[in-house]
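Have a look at the structure first, and then read on.

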Amino acid sequence: MPAAATRDQIVAAADRLFYHHGYEHTSFADIAGAVGLSRGNFYYHFKSKDAILDAVIDARLADTRRVLEQWEAEAPTPAGRIMRYVEIVLTNRADIQDYGCPVGTLTTELAKLEHSMLGQAGRLFALFRAWLREQFALLGPADQADELAMHVLAFSQGVAVMANAFHDEAFIRREVDRMRDWLSTYEK
């Protein structure tokens with residue numbers, strides 16, 4: 001298998017394990033085992049766990065950019081695009097109920113660890129914030145665009161935490177409906 005493909009498999013496995021078990025509770029051996037590599041072959045690709053974390057964050061950023069581009073292509077209005085973001089808690093409800101939000105859980109864990117990569121992981125939220133701010137500016141309330149973007153981010157994190165705590169799909173659906181109603185007040 002080419003080195004790039006192996007590296008991609010390592011990053012995908014690490015991403016999944018960090019999400020399911022946490023960064024701190026995932027070892028080199030766990031990741032190597034998930035990919036079926038010996039430790040020597042594993043170290044050829046990554047010299048440290050922080051290097052893997054950096055690659056995972058970069059992969060998540062690239063995936064997020066692709067998703068945002070897809071939403072822009074699929075939804076003709078800013079409100080429709082914002083709803084795509086809101087609905088992510090429904091789309092990913094099974095994982096969110098089991099593991100929480102992948103961005104929120106990672107940044108929270110890194111903050112507790114006072115990890116040097118916290119700022120890098122925070123770029124994921126910054127990307128969503130900037131994109132949502134742009135959508136709200138297009139929707140009309142440009143002077144409130146950042147405040148509204150933060151409101152939607154806070155909504156998604158709150159729903160993810162409660163969904164993880166209570167495993168209540170009906171709650172997720174109610175909250176998405178409430179956010180849809182709220183967002184409709186901004187449509188022209």
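Helix α1 covers residues 3-21, and at 1.5 Å a residue its 19 residues should span 27 Å; the end C-alpha atoms are 26 Å apart, which agrees. The expected span is 1.5 Å times one less than the number of residues. Helices here are DSSP runs (H or I, at least four residues), numbered from the N terminus.

Before going further, please note that this is a predicted model, where local features need pLDDT of at least 70, side-chain atom pairs count only at pLDDT 80 or more, and totals for chains, interfaces and linings use all residues. Residues are numbered from 1 along each chain as its sequence is written, and side-chain values use heavy atoms, with hydrogens and water left out.

| Helix | Residues | Number of residues | End-to-end C-alpha distance | Expected span |
|---|---|---|---|---|
| α9 | 118-139 | 22 residues | 32 Å | 32 Å |

Which residues of α1 are buried? Among them are Thr-6, Ile-10, Val-11, Asp-15 and Phe-18. Buried means under 20% relative accessible area, exposed over 50%, and partly exposed in between, with a 1.4 Å probe and protein chains only. The buried residues of α1 pack against α2 (28-35), α3 (39-45), α4, α7 (93-99) and α8, with contact meaning heavy atoms within 4.5 Å. Just after α1, Gly-22 has a positive phi of about 95°.

Now for α9. This helix has a kink of about 30° centred on Leu-124; the bend at a residue is the angle between axes fitted to the seven residues ending there and the seven starting there. Leu-124 is also one of the buried residues of α9, which include Trp-131 and Phe-136. The partners of the buried residues of α9 include α5 (78-86) and α10 (145-166). Just after α9, Gly-140 takes a positive phi of about 140°.

How do α5 and α10 sit together? Their packing angle is about 25°, with the axes 10 Å apart. They are therefore roughly parallel to each other, a label for angles under 35 degrees. The contact is made by Ile-82, Tyr-85 and Val-86 of α5 with Val-152, Leu-153, Phe-155 and Ser-156 of α10.

Finally, Phe-155 is in contact with Glu-175, and so is Val-159, leaving aside the neighbours of Glu-175 within four places in sequence. Glu-175 lies in helix α11 and counts as buried because its relative accessibility is 18%.

Notes:
Helices (H or I, at least four residues) and strands (E, at least two) are DSSP runs, numbered from the N terminus. Axes are lines fitted to C-alpha atoms, for helices over the stretch in contact, and angles run from 0 to 180 degrees between N-to-C directions. Angles under 35 degrees count as roughly parallel, over 145 as roughly antiparallel, 65 to 115 as roughly perpendicular and the rest as oblique.
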